[in-house]
Every structure is written in structure tokens, then in C-alpha cells.
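Me: I would like to learn how to read aromatic contacts, charges over rings and strand pairing in a model. Could you take me through these features one at a time?

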Amino acid sequence: NTANFMRVLITGAAGNLVTMLGQYLLSTTDHFLNLMIHRTPVSRGLEREGRTRVYRCDLADPATLSAVCRDSEAVVHFAGVLFAPNPERFLPTTNLLYTRHLVDEALAAETKRFILVSFPHVEGPTSREDPCTDRQDRQPISVHAQTRLAAEKYLIERAKGSSMRAISLRPGMIYGKGVLMVAYAKQLAQRRLLGIWRPPTPIHLLSIDDFNACCRAAIEQPEATGIYALGDDAPTTLQKFLDTACKHWSVKRPWRVPVWSVYVVAWLCETFAKLFRTRTPFTVDFIRIGRVPYYCDTLRMKRELLPSLRYRSLQEGVDIL
């Protein structure tokens, strides 16, 4: 490993997964965390004297990024917008342009490594026979995946010939206590409002504990570089995951509904959010990406980042739902 102490910049530090990663790094490492926010403050649990510093930056303005990049040896880039209507309108900016700004400033500051949190959907539909690896020549279906793939390409191309290691992590569906999407599903299930389309959608899971461990390894392992597909040892389907979760929560399993009805609900949620300027748990593009089957080839992950998983399957990790 590299030195025990590093200054790590984490973007989107007010976000759900970022907060959980920050708490993990504070409890398991000696790293100093530079926490980048825009407007929303970070969780109180992340503000620790002598261990963290909060930077209020604007990814739209590269000039606000230079100081924090100069003060950081590694960048973990999460920042983005998820639960908002009309993602087609803003994702080319938030997923791509903002990443370009940060990559450019990190290179100018001679940051040692840049870790982009992506997802396997950037390769489009994948399977056991044709798994997600490190390809960047596919045509993903959703705007979320299209713009994240473009950000991946920019990072890796710009880092060529520099001293900065470019790393993209493509985790499957992350689950665990406190993970926002799982919490949303639980709330809906408890109200008997949770539904899922009938055709099985193959997915690859990863516990929040193992995701955090992969992020730590990407920060610390000197030779880590390139694209890593992340997943556990027991791929499943989205339907089976939700059924198992509902059984664990002691509620009835989700309704099985026609695909068209899910799109109608997403459209209604998105329209309501546009009219009343609220967040929305569903958008049409979110359903579009949710229906993409994916399977991760985890060979590089196990060889270079995380040889042993804490939770090899949902059955082993069900208690953290």
C-alpha cells in the first residue's frame, strides 16, 4: 500500500453513498478527507477536527476547484444529480462537463489518482456469456449511462501520458442499511406501493461494505489503474432481490405489474416534480436504465482490489438490508 496518510478529495460529500464512504474511511484509515460540497452541508458525522475539511465549490466553475485539487493526492468523484426530473436536460452537464472540469484541475494540480464512480450499464446489456469488463465501445441505452461513459472516456484519455492514475469503478447494485434506493424500496413496500415489472432483469449486487473496501483499495493500491467491474459471487435478478428484501422486512413481496404501467408511474412522478419543483424517486430514464440486465466480470477486482468479499451473496448480506 501507499503511505498510511493521504489527502483524499471526495466530491458530492452531502450525498448518501459519499457519506457512508466517508464514515468508513474515517473509521478504518488515517486519511485526511477533503469534502467537496455545493450548497447542501455535509452530515455532522463527517465533520471531524483534524480529519476533514469542507470545501464549498462549484463544479461549473473550474476556478473554484484548483485549491482543493492542489490539497489532494487522490480524488473520488461522486458528484451528480439523480432524483430530479428531465435528466436528459442536465446530465450532459452534471455527468460530463463537470467531470471534465474536475479532471482538468486534478491534472493541473498533479493529483496522483482520480477515481470515477461509474456503473456497469455503460456497456449496455451484459450477461454471463458477455459480461461487463472494461470496454468503452458499447452504446448504452439510457442518458445516465451514455453521459457516464463519456466521462469515463474523457478521464482515461486525458490521463494518458500523465503521472495521474485514472480509475473507473463500475459497481453493480449497491445494497445495505442506509443506502437510499433500498430505503425508498422499503418505504414503498411497507405501504404496499412497491411494484416491479414481470420479466426477470438479471443484476449483479455488491454490499455497501464491499463497495467501500473497493474504494479504499482504489485509493491506496499503488498499481490500481483502469476500469474495474465490481460485484459479489452470486448474481441474481432485480425481482429476486426485492422479494428477498421484502421477506427480510416482513412485508409482502412487490406487485408484479406490466412494464408499461411502470413507465406511466415514472412519467407521473416526473411530471409532478417538474410542476412543483420537488425531487422524484422515478424518472423515465431511471426506469430505462433499471431494466438493463448486467453481469460483472470481477476477475480484476479480486486480483487487484478486493481478493475476499465480506458478503459473497445476498443470502450472506441480507441482515444489512
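The dialogue below takes up each feature in turn.

Me: Before the details, what kind of model is this?

Reply: This is a predicted model, and its local features are read where pLDDT is at least 70.

Me: How many aromatic pairs does the count come to?

Reply: The general idea is to look at the distance between ring centres, which must lie within 6.5 Å, and then at the angle between the planes. By that rule the count here is three aromatic pairs. One of them joins Phe 78 and Phe 211, whose ring centres are 6.3 Å apart and whose planes make an angle of 85 degrees, so that the pair is edge-to-face, the class for angles over 60.

Me: Are Phe 78 and Phe 211 buried or exposed?

Reply: The step to take is to compare relative accessible area with the cut-off for burial, which is under 20%. Phe 78 counts as buried because its relative accessibility is 14%, and Phe 211 is buried because its value is 0%.

Me: Which pair is tilted?

Reply: Tyr 175 and Phe 241 form a tilted pair, with 6.3 Å from centre to centre and 55 degrees between the planes. This pair, too, links distant parts of the chain, since Tyr 175 lies in strand β7 (residues 173-175) and Phe 241 in helix α7 (residues 238-248), 66 residues apart. Tyr 175 is buried at a relative accessible area of 0%, and Phe 241 counts as buried at 2%.

Me: Which ring has the charged end of Arg 192 over it?

Reply: For such a contact one looks at the distance from the charged group to the ring centre, and here the charged end of Arg 192 sits over the ring of Trp 255, 4.2 Å from its centre. Arg 291 likewise lies over the face of Trp 197, at 6.0 Å from the ring centre.

Me: Which strands are joined to β4 by bridges?

Reply: Strand β1 (residues 7-10) runs parallel to β4 and is joined to it by three bridges, while four bridges join β4 to strand β5 (residues 113-117), again in parallel. Val 76 in β4 stands opposite Ile 10 and also opposite Ile 115 in β5. Both faces of β4 are covered, with Ala 74 and Val 76 buried on one side and Val 75 and His 77 buried on the other.

Notes. Residues numbered from 1 in each chain as written. Predicted model: local features only at pLDDT ≥ 70, side-chain atom pairs only at ≥ 80, totals over all residues. Heavy atoms only, no water. Phe/Tyr/Trp six-rings, centres within 6.5 Å; stacked < 30°, edge-to-face > 60°. Buried < 20%, exposed > 50% of the residue type's maximum accessible area, 1.4 Å probe, protein only. Helix = DSSP H or I, 4+ residues; strand = E, 2+ residues; numbered from the N terminus. Lys NZ or Arg CZ within 6 Å of the ring centre and 35° of its normal. Pairing = 2+ DSSP bridges.
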